[in-house]
Amino acid sequence: MAETYDNLSGTVKIAMVGKFTGLSDAYLSVVKALLHACVACSLRPSVEWIAASDLEDESARTTPEAHASAWETLKSCACILVPGGFGDRGVPGMILAAKFARENSVPYLGICLGLQISVIEYSRYVLGLERANSEEFDSQTPHPVVIFMPEGSGTHMGSTMRLGSRITFFKNPDCVTSKLYQNSASVVERHRHKYEVNPDFIGQLESAGLKFVGSDESGRRMEVLELRSHPYYIGVQFHPEFKSRPGRPSALFLGLILAATGRLQTYLSHLPGLSSGTSQ
Ligand SMILES: NC(=O)CC[C@H](N)C(=O)O
């Protein structure tokens with residue numbers, strides 16, 4: 001691995017947009033997953049850490065230099081990743097980053113909170129539901145597009161969090177996510193969340209172009225979203241970074257880096273045929 005790393009030629013700039021307050025190893029797995037995916041593409045990752053709050057309009061008034069620099073960095077990156085997180089700090093900035101990615105065809109991967117951010121962004125700016133939000137950030141929102149999961153975790157005692165390995169079924173084998181998981185019909189990935197997409201808004205969001213291509217076995221809990229009219233815009237409720245390994249990069253991180261470097265379509269066209277199996 002070390003030898004391979006030394007021989008990497010190019011660099012790919014990845015914008016990581018998150019809360020980033022204080023020291024945290026919460027993003028370590030994400031950084032490693034990016035490394036695994038980049039090495040598989042013979043590239044070095046250059047991770048640009050962008051504090052989401054610096055992207056917010058408020059920051060233009062209070063800390064104009066940080067605001068300008070955050071936007072300059074975001075615009076210089078080949079792809080954008082919004083990782084998981086809890087709490088409302090930086091959420092408006094993450095929404096702006098997702099909007100920027102969507103409107104400018106910049107490859108985007110939203111993980112857990114990052115998926116929920118995409119749903120809020122799309123609801124506000126495409127459906128026109130100005131105050132759409134997650135109940136986590138605004139319990140009074142008139143448009144709760146992300147809601148608290150009523151049952152929490154039934155199988156993991158003592159926790160309101162939905163945790164651990166669970167299966168996601170792809171509704172349509174033609175979606176980019178299923179293809180990246182080697183054309184699997186389903187995939188097992190790890191979870192860690194309390195909120196989920198509100199099923200009452202799925203119809204509206206899908207009619208407006210945001211497709212929910214993967215769900216749990218009930219079909220009501222959304223696990224994967226894609227924007228078809230975009231080179232790579234994927235949100236996942238699970239955490240694909242936890243199962244990424246050197247030499248066996250996570251499919252969605254690989255997809256992000258391939259899209260960022262203009263190689264995704266070629267890669268997808270060389271995949272094996274449809275399988276009815278589960279990707280582990
Ligand atoms: N791990 C996460 O990103 C969690 C997202 C969100 N805070 C939730 O609880 O659902």
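At what angle do helix α2 and helix α9 pack, and how far apart are their axes? Keep in mind that this is a predicted model. Here α2 covers residues 28-40 and α9 covers residues 251-260; the angle is about 60 degrees, and the axes lie 8 Å apart.

## How α2 meets α9

The crossing of α2 past α9 is right-handed.

If you want to find the contact on screen, pick out Val30, Ala33, Leu34, Ala37, Cys38 and Ala40 on the α2 side. Their partners in α9 are Phe253, Leu254, Leu256 and Ile257. Sorted by class, that contact has ten nonpolar residues, with no polar and no charged ones.

## α9 on the inside

So is α9 buried or exposed? Ten of its ten residues are buried, so α9 is largely enclosed by the rest of the structure. Among those buried residues are Ala251, Leu252, Gly255, Leu258 and Ala260, along with Phe253 and Leu254.

Just past the end of α9 comes Gly262, and its phi is positive, at about 70 degrees.

As a rule, nonpolar side chains in soluble globular proteins tend to be buried together. In this model, the largest nonpolar core has 43 residues. Val17, Leu74, Ile80, Ile117, Val119 and Phe212 have the most contacts inside that core. Helix α5, residues 91-103, gives the most to this core, with eight residues.

## How α4 meets α5

Which angle and axis distance describe the packing of helix α4 and α5? Helix α4 runs over residues 64-76, and it packs on α5 at about 35 degrees, with the axes 11 Å apart. This crossing, too, is right-handed.

On the α4 side, the contact is made by Trp71, Leu74 and Lys75; on the α5 side, by Leu96, Ala97 and Phe100. By class, that gives five nonpolar residues, no polar ones and one charged. Leu74 is also one of the residues with the most contacts inside the largest nonpolar core.

Terms used. Residues are numbered from 1 along each chain as its sequence is written. This is a predicted model: local features need pLDDT of at least 70, side-chain atom pairs count only at pLDDT 80 or more; totals for chains, interfaces and linings use all residues. Side-chain values use heavy atoms; hydrogens and water are left out. Axes are lines fitted to C-alpha atoms, for helices over the stretch in contact, and angles run from 0 to 180 degrees between N-to-C directions. Helices (H or I, at least four residues) and strands (E, at least two) are DSSP runs, numbered from the N terminus. A crossing is left-handed if the near helix is turned anticlockwise from the far one by less than a right angle, and right-handed if clockwise. Contact means heavy atoms within 4.5 Å. Ala, Val, Leu, Ile, Met, Phe, Trp, Tyr, Cys and Pro count as nonpolar, Asp, Glu, Lys and Arg as charged, and the others, Gly among them, as polar. A nonpolar core is a set of buried Ala, Val, Leu, Ile, Met, Phe, Trp, Tyr and Cys residues joined through side-chain atoms within 4.5 Å. Buried means under 20% relative accessible area, exposed over 50%, partly exposed in between (1.4 Å probe, protein chains only).
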